[in-house]
Amino acid sequence: MPKGYWVSAYRTISDPEKLAAYDKLAGPAVGAGGGRILSRGSRVVAHDAGIAERTILIEFDSFEQAVAAYESAAYQEALVALSDGVERDFRIVEGID
């Protein structure tokens with residue numbers, strides 16, 4: 001079964017306090033949903049139209065598990081805390097089996 005991944009590239013961070021509140025809630029929500037953080041805020045080299053900002057990569061055992069974790073009440077609470085504090089490109093992608 002192919003794994004699932006959350007890929008999140010932050011274009012701008014306009015409110016670091018909202019991001020900090022989100023981080024406090026999102027970490028436990030991701031863990032409860034079976035996610036494993038592979039990269040968070042590490043070094044980035046951007047090419048083409050990419051922006052070298054904060055990038056997060058989280059792995060789940062399946063695509064369905066990744067979607068369910070995003071839809072969970074705990075993660076939705078984290079999104080409320082984040083609200084308009086950032087502009088980001090967030091995707092859930094299926095890995096190759």
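In which loop does D48 lie? Select D48 and you will find it in the loop between β2 and β3, where helices (H or I, at least four residues) and strands (E, at least two) are DSSP runs numbered from the N terminus. The phi of D48 is near 55°, a positive value in a residue other than glycine, and D48 is exposed, with a relative accessible area of 85%; here exposed means over 50% relative accessible area, buried under 20%, and partly exposed in between, with a 1.4 Å probe and protein chains only.

Before going on, note that this is a predicted model, in which local features need pLDDT of at least 70 and side-chain atom pairs count only at pLDDT 80 or more, while totals for chains, interfaces and linings use all residues. Residues are numbered from 1 along each chain as its sequence is written, and side-chain values use heavy atoms, with hydrogens and water left out.

**The core**

Next, select W6, Y10, L19, Y22, I58, F60 and Y75, which have the most contacts inside the largest nonpolar core, a set of 17 residues. Such a core is made of buried Ala, Val, Leu, Ile, Met, Phe, Trp, Tyr and Cys residues joined through side-chain atoms within 4.5 Å. Two or more residues of this core come from each of β1 (4-13), α1 (16-32), β3 (55-60), α2 (63-71) and α3 (73-82), and α1 gives the most, with 5 residues. In soluble globular proteins, nonpolar side chains tend to be buried together.

Keep F60 selected and show its surroundings: leaving aside residues up to four places away in sequence, F60 touches K3, G4, W6, V30, G33, G34, G35, R36, Q65, A66 and A69, a contact being heavy atoms within 4.5 Å.

**Along α3**

Now select Y75, A78, L79 and L82, the buried residues of α3. They cover an arc of only 100° around the axis, which puts them on the same side of α3; the arc is that of the directions from the helix axis to the C-beta atoms. What covers these buried residues includes β1, α1, α2 and β4 (86-94), whereas the face of α3 turned away from its buried side carries the exposed residues A73 and V80.

Just after α3 comes S83, in the loop between α3 and β4.

For the largest pocket, centre the view on Y22, D23, A26, I56 and I58, the closest to its centre of the 16 residues that line it. A pocket is an open set of points on a 1 Å grid over the protein atoms alone, where a 1.4 Å probe fits, with protein on both sides within 12 Å along at least five of seven lines, and lining residues have an atom within 4 Å of a point. The volume of the largest pocket is about 190 Å³, and α1 gives the most to its lining, with 5 residues. By class, that lining has 10 nonpolar, 2 polar and 4 charged residues.

Finally, select V7, A9, Y10, R11, A49, G50, I51, T55, D89 and R91, which line the second largest pocket. About 150 Å³ of space lies in this pocket, and the largest share of its lining, 4 residues, comes from β1.

Key. Grid points are joined across faces, edges and corners, and a volume is the space filled by probe spheres set on the points. Ala, Val, Leu, Ile, Met, Phe, Trp, Tyr, Cys and Pro count as nonpolar, Asp, Glu, Lys and Arg as charged, and the others, Gly among them, as polar.
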